[in-house]
Amino acid sequence: MITQIAVSDITRNQRDFFKTGKTKDVDFRLAQLKTLRQAVVEHQTAIIEVLKTDLNKPEFEAYATEVGVLKEIDYAIKHIKTWTKPKKAAIGIEQFPGFGRIYAEPLGVVLIIGAWNYPFQLIISPLVGAIAAGNCAILKPSEIALHSSHVLADIIQKYFDPAYITVIEGGIETSQQLLAEKFDHIFFTGSTAIGKIVMQAAAKHLTPVTLELGGKSPCIVDSDINIEYTAKRIAWGKFINAGQTCIAPDYLLVDKTIKQDLLNSIKKCVQGFYGNKPATSPDYGRIINQQHFLRLVELLKGSEIIIGGEADLVERYIAPTVIDNVSLAEPIMQEEIFGPILPVIEYADLNQAITIINERPKPLALYLFSKNKNLHQRVCRETTSGGVCINDCVMQVGVSSLPFGGVGESGIGSYHGKASFDTFSHYKSVLNRGMWLDPKFRYAPYEGKLQLLKRIIGQ
Ligand code: NAD
């Protein structure tokens with residue numbers, strides 16, 4: 001266990017490094033992004049192996065969702081020069097002579113705390129923004145994906161000066177020790193409950209936070225769809241990483257006229273993806289630990305299981321599972337599932353589906369399957385969520401030009417692409433006045449000047 005003194009020393013060293021001004025140089029940042037890229041490329045085999053150990057993550061998924069963070073690094077490398085350029089701001093005639101500029105400046109020393117379900121991506125992706133914006137960073141991966149945490153710490157230590165970027169490994173106590181320190185920004189990914197603790201700790205130092213939290217992301221399925229494609233996309237989005245994805249479709253709200261066809265099709269997809277025995281499939285993950293396994297098995301009790309349902313504690317295996325005729329009062333509809341269980345609720349009228357969504361905390365993601373463009377607009381207009389993906393699941397997270405984040409209980413702030421740069425920057429406004437002219441108009445005595453002022457202001 002690290003001591004509080006050691007934690008304070010590390011943050012002080014980073015503060016000293018930041019004060020040297022090195023990170024303000026855009027070429028320095030660019031070089032560090034390239035180093036990070038090289039670190040991920042050179043260690044991709046180790047990353048993929050360790051994800052297998054922690055989560056039985058199939059190589060394909062590990063590459064797509066974790067090593068794939070390379071796309072975010074490349075996007076930042078491509079755009080950093082534009083992002084860091086001062087922006088001109090229009091000023092009014094009353095400011096003449098003068099001009100306005102907006103400068104993006106780094107915040108200083110930032111803390112990034114990650115969750116266990118995508119243990120690399122959830123640390124590296126915000127780190128890209130922190131580096132691009134010119135900050136020093138302390139990274140605290142989740143202790144629950146322990147092997148991934150060790151590998152991440154090794155990689156970062158190998159490529160970066162700890163006074164600039166470092167990993168501090170540990171569990172809740174370590175996290176609390178870090179939160180006792182003063183940072184210039186805290187970027188947290190995890191549950192809503194712990195997000196509140198993080199925000200409370202940050203408030204003591206008036207530290208701004210980004211909270212990337214979870215919640216129950218609904219998936220509406222209208223009758224006007226291609227059943228086969230819809231079933232495939234839902235089954236893929238729900239069962240990758242064995243359902244342990246913050247933006248997995250948590251539950252289905254299905255038009256009752258097509259429900260049976262959709263469920264039959266989902267069943268076929270599950271067989272097609274993982275065979276008749278998903279337990280033996282190399283392409284299906286495992287539950288992270290026994291505690292989460294037991295929580296999920298408890299949620300399944302008394303359910304009408306129509307697909308899957310098998311569970312093996314020793315293997316931490318829960319089959320891809322679909323449950324039907326779920327009531328809104330059941331425990332499974334009270335908390336984020338975060339596992340491979342898909343509850344299905346039917347509706348007769350879209351209003352019912354929208355009401356169910358709006359009566360619950362604002363979700364991180366909302367999915368809608370429909371060919372009807374009017375419905376796309378209606379659902380977007382009448383519901384609130386961190387983001388929306390129409391006619392697919394989970395894919396929105398991979399688009400660097402779309403800010404990713406929650407709203408209400410699913411989070412505060414956003415990141416990816418330019419949004420990551422913005423998150424870790426302070427936009428400093430600078431008004432620069434010319435000294436060659438100084439009209440008397442604004443100075444007392446004011447007599448006779450009010451009418452002109454009103455005209456300038458536009459009254
Ligand atoms: P968690 O909140 O339990 O833990 C997240 C981090 O907080 C870990 O690093 C942990 O060490 C630390 N932590 C735990 N308890 C703490 C405490 N009392 N004080 C200070 N720090 C503490 O979350 P988790 O189980 O790792 O992840 C699952 C949750 O994260 C789900 O709700 C999921 O939806 C959410 N999540 C969100 C996103 C997103 O991008 N919005 C991505 C992945 C996961």
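**Reading helix packing, ligand contacts and backbone exceptions**

Mentor: Ala-46, Ile-47, Val-50, Leu-51, Thr-53 and Asp-54 of α3 touch Leu-146, His-147, Ser-148, Val-151 and Ile-155 of α7. Sorted by class, the residues of this contact are seven nonpolar, three polar and one charged. Keep in mind that the model is predicted.

Trainee: How is the geometry of such a pair read, and at what angle do α3 and α7 pack?

Mentor: A packed pair of helices is described by two values, the angle between the axes and the distance between them. Here α3, residues 44-55, and α7, residues 146-159, pack at about 160 degrees, and their axes are 8 Å apart. Angles over 145 degrees count as roughly antiparallel, so α3 is roughly antiparallel to α7.

Trainee: Is the crossing of α3 and α7 left-handed or right-handed?

Mentor: The crossing of α3 and α7 is right-handed.

Trainee: What does α2 do against α7, and at what angle do the axes cross?

Mentor: The axes of α2, residues 26-42, and α7 come within 10 Å and cross at roughly 135 degrees. On the α2 side the contact involves Thr-35, Leu-36, Gln-38, Ala-39 and Glu-42, and on the α7 side Ile-155, Ile-156 and Tyr-159. The classes are five nonpolar, two polar and one charged. Ile-155 is listed in the contact with α2 and also in the contact with α3.

Trainee: How are α13 and α14 oriented, roughly parallel or roughly antiparallel?

Mentor: Start again from the angle and the distance. Helix α13, residues 350-358, packs against α14, residues 373-382, at about 30 degrees, with the axes 11 Å apart. An angle under 35 degrees counts as roughly parallel, and α13 and α14 are therefore roughly parallel to each other. The crossing is right-handed. Leu-350, Asn-351, Ile-354 and Asn-358 of α13 make the contact with Leu-375, Arg-378, Val-379 and Glu-382 of α14. In this contact four residues are nonpolar, two polar and two charged.

Trainee: Now the ligand. Which residues come nearest to the ligand?

Mentor: There are 27 residues around the ligand, and Lys-140, Glu-143, Ser-191, Leu-213 and Glu-336 come nearest.

Trainee: Which side-chain N or O atoms lie 2.7 Å and 2.5 Å from a ligand oxygen?

Mentor: A pair of N or O atoms within 3.5 Å is read as a polar contact. A side-chain N or O atom of Ser-191 is 2.7 Å from a ligand oxygen. For Glu-336, a side-chain N or O atom is 2.5 Å from an oxygen of the ligand. Gly-114 takes part through its backbone, with a polar atom 2.8 Å from a ligand oxygen.

Trainee: Where are the cis peptide bonds?

Mentor: The bond from Phe-96 to Pro-97 is cis, with omega near -5 degrees. Pro-97 sits in the loop between β1 (87-89) and β2 (98-106). Ala-444 and Pro-445 are also joined by a cis peptide bond, with omega about 0 degrees. Pro-445 is in the loop between β18 (425-433) and α16 (450-457).

Trainee: Which residue has a positive phi although it is not a glycine?

Mentor: Asn-56, with a phi of about 50 degrees. Asn-56 is in the loop between α3 and α4 (59-65).

Key: Residues are numbered from 1 along each chain as its sequence is written. This is a predicted model: local features need pLDDT of at least 70, side-chain atom pairs count only at pLDDT 80 or more; totals for chains, interfaces and linings use all residues. Side-chain values use heavy atoms; hydrogens and water are left out. Axes are lines fitted to C-alpha atoms, for helices over the stretch in contact, and angles run from 0 to 180 degrees between N-to-C directions. Helices (H or I, at least four residues) and strands (E, at least two) are DSSP runs, numbered from the N terminus. Angles under 35 degrees count as roughly parallel, over 145 as roughly antiparallel, 65 to 115 as roughly perpendicular and the rest as oblique. A crossing is left-handed if the near helix is turned anticlockwise from the far one by less than a right angle, and right-handed if clockwise. Contact means heavy atoms within 4.5 Å. Ala, Val, Leu, Ile, Met, Phe, Trp, Tyr, Cys and Pro count as nonpolar, Asp, Glu, Lys and Arg as charged, and the others, Gly among them, as polar. A residue is near a molecule or strand if one of its heavy atoms lies within 4 Å of it. A polar contact is a pair of N or O atoms within 3.5 Å; within protein, one must be able to donate a hydrogen and the other to accept it, and residues adjacent in sequence count only if both atoms are side-chain atoms.
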